[in-house]
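The points below may be read alongside the sequence and the model.

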Amino acid sequence: MKKLYSNKLVIFSLILPGLLLFIFAILAPICLSVYYGFTDYSGMGKYNMIGIENYKNLLHDKVFAISLRNSLFLAIGFICIQHPIAMIIAAVLDKIGGRAESIFRCIYFIPNVISIAVIAKLWSFIYNPNFGLLNNIIKAMGGKGNINWLDEKNAIWSVLLVLIWHGFGWGMLIYYTGIKNIDPTLYEAASIDGASQVQTFLRVTLPLMKPVIQVNVTMAVISALKQMETVYLLTQGGPGNSTQFAANYLYQQGFTAYRYGYGNAIGVIFIIICLIATVALNKVFEDREEAKYRKMERKRDKKNAMQKRMMQNNYKNSVKAVS
């Protein structure tokens, strides 16, 4: 078996299916997007190469700037509102135990199971200014209850609430799984030392959850940048582009306004932003001591390689001198 897996032909045959899938499903579409981003292609017929004209137009596109701003607001909402609450609830569920733990875990995950189309329709009824549930609750509490939650002033906050609520279950479940994988003996040691529940959470749970937090936050930022379906079904980016998001604007330009080349230019910028965000978050969550140790290892390996080359050169020179 060891001889079989050391065969280069066998290794190549094993990685070939995944490599082909990566090329045709990911790499090829990205390359085509880059290519069409330099054209005025409308999606049909002939097109012309226009260089970086699409990218120049993006610099002055106010709607694109609004879409990026809204995506940033959503990312901040995920990181500062959704994830702290999700982590606290995950920690509480871990302490509850028993049947109640399973019941509440399912309840919190229900929004992620429901279809996006159903979610959008449900919240459009809740936000309805005439018969919506939200306005009826305000009336029951003595208020006027005539607020239009999806007008140009309130729409972005209403959409952010829906998106944070809808994605809450995934974040909570990932944190819950991470907490369950922590060694219980650490909690027992903290309890023996007299640590309170809050101190245990801050001193034991949070430090050990750092890799999980990194994954969750990275996924949240990328999810905020590529958010489209719920927004499109709920407001279609309106009113007046107040709820426009980057992915939704890309779809509108490429497939509604028939500016396929311009839409691909937006897609290229979108990919670059996602890569920068991922690298930046990896840098933020990087373990300083581990990074320092890896740097020292690289220096040591480089030094050893240089010494090996010098020894080889000295040996060759000595052989030549003897001959």
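1. The largest nonpolar core holds 28 residues, and those with the most contacts inside it are Met172, Tyr175, Met209 and Ile213. A nonpolar core is here a set of buried Ala, Val, Leu, Ile, Met, Phe, Trp, Tyr and Cys residues joined through side-chain atoms within 4.5 Å. At least two residues of this core come from each of H4, H9, H10, H11, H12 and H15, and H4 gives the largest share, six residues. A separate second core of 20 residues includes Ile119, Ala120, Tyr127 and Val159.

2. On the basis of the work: the model is predicted, local features need pLDDT of at least 70, side-chain atom pairs count only at pLDDT 80 or more, and totals for chains, interfaces and linings use all residues. Residues are numbered from 1 along each chain as its sequence is written, and side-chain values use heavy atoms, with hydrogens and water left out.

3. Helix H9 covers residues 168-180; helices are DSSP runs of H or I with at least four residues, numbered from the N terminus. Among the buried residues of H9 are Phe168, Met172, Tyr175 and Ile179, where buried means under 20% relative accessible area, exposed over 50% and partly exposed in between (1.4 Å probe, protein chains only). Helices H4, H8 and H12 are among the elements that cover them.

4. Beyond four places in sequence, Tyr175 touches residues including His83, Met87, Met209 and Ile213; contact means heavy atoms within 4.5 Å.

5. Phe245 lies in the loop between helix H13 (229-234) and helix H14 (246-256). Is Phe245 buried or exposed? Phe245 is buried, because its relative accessible area is 0%. Leaving aside neighbours within four places in sequence, its contacts include Leu74, Ile156, Leu163 and Val231.

6. Trp123 and Trp165 form an edge-to-face aromatic pair, 5.4 Å centre to centre with 65° between the planes. Rings of Phe, Tyr and Trp (its six-membered ring) pair if their centres lie within 6.5 Å; planes under 30 degrees apart count as stacked, over 60 as edge-to-face and the rest as tilted. Trp123 is buried at 12%, whereas Trp165 is partly exposed at 31%.

Conventions
Expected span 1.5 Å × (residues − 1).
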